[in-house]
Amino acid sequence: MARRIDVTGAGGVRLAAWEFGDPPKPDPARDATEHGVRESGETAGRHVGQRTAQGALDPSPGVLLLHGLMGRASHWASTARWLSERHRAVALDQRGHGRSDKPPQASFTREAYVEDAEAALEQLGLGPAVLIGHAMGALTAWQLAAKRPDLVSGVIICDMRASALGTASQREWADWFKAWPVPFATLADVRKWFGEDDPWVERPNPARGEFYAEVMAESPDGWRPVFEHEQMLKSREPWVFDAHWEELAQVRCPALVVRGLDGELGRAEAQEMVRVLPRGEYAEVADAGHLVHYDQPEAWRAAIEPFIDGLTG
């Protein structure tokens, strides 16, 4: 099951949020207990569930999943499905991505992305929620946790650096986009190019090919990305040129830093991020690159599930 929910983001940009599994069934006993606790005024600072659209108390802990640059909510489908057994898990197509709006004049600042996630939590009634972010989505997650601690109960940071990458990185990405043989004749061509032929691929990686096949849409002349390259470059600028260590230090909730052993986040920097985070924890996933949850889905689950259970159990 995939259910779409529209959210209004910063500047009125329409965002698509998605639930990929059946919401967990309410526990009447727990619901009654939590109603009593809420009414007694003893719930300050504690998670007791979100309100449903009908106003009833939904006791299932909320989880908001934020994809990385060029990604889309459906990249989280597998993770969201197993999460939905016990949580209300919602994945967001961020501005310029997936089925969300891509206005030519829209803002692609860090503030806009953070405000979008903030709006999603509030409009969906998810908070205080666990935020799970990959790459750019992880940066959004920890920035929102620093800004609105009342909305965030925990953060999972997957393969995102806190250091600035520099001007050369932005030039490399611009050149890489120009190298894409767009339009692709078939989805098989998409999978082959990103999984094998892309000069950025060190060894064949079928999971990478599948990842990019999911962000393509058929057009009259072939398959093209569902995003605009220029908007992606604009989205990168704020975190390519700036470091974000100070915001990490402001995250007061529990935070788990996860890296693939062959990913973009090195072990030394990841461990320094854990040190800077007031309540940081660390996990590694073997035989995984940057796309940890695609490369090793079972190991990814094993790495993050105990952390989430510790927050919401």
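At a relative accessibility of 47%, D6 counts as partly exposed, a class that lies between buried (under 20% relative accessible area) and exposed (over 50%), calculated with a 1.4 Å probe on protein chains only. The model is a predicted one, in which local features need pLDDT of at least 70 and side-chain atom pairs count only at pLDDT 80 or more, while totals for chains, interfaces and linings use all residues. Residues are numbered from 1 along each chain as its sequence is written, and side-chain values use heavy atoms, with hydrogens and water left out.

D6 belongs to strand β1, residues 3–8; strands are DSSP runs of E with at least two residues, helices are runs of H or I with at least four, and both are numbered from the N terminus. The side chain of D6 makes a polar contact with that of R4 at 2.8 Å, a polar contact being a pair of N or O atoms within 3.5 Å in which, within protein, one must be able to donate a hydrogen and the other to accept it, and for which residues adjacent in sequence count only if both atoms are side-chain atoms. Leaving aside residues up to four places away in sequence, D6 touches R14, L15 and A16, where contact means heavy atoms within 4.5 Å. The C-alpha atoms of D6 and Q123 are 9.4 Å apart, although 117 residues separate the two along the chain.

Helix α3 (residues 110–124) packs with helix α4 (residues 136–147) at an angle of about 70°, their axes lying 9 Å apart. The contact involves residues of α3 including Y113, A117 and L121, and residues of α4 including M136, L139 and L144.

Further along, helix α6 (residues 187–197) has V190, W193, F194 and G195 buried, and these buried residues pack against α5, α7, β9 and β10. At its N-terminal end, α6 is capped by T186, a side-chain oxygen of which lies 3.3 Å from the backbone nitrogen of A188.

How values were computed
Axes are lines fitted to C-alpha atoms, for helices over the stretch in contact, and angles run from 0 to 180 degrees between N-to-C directions.
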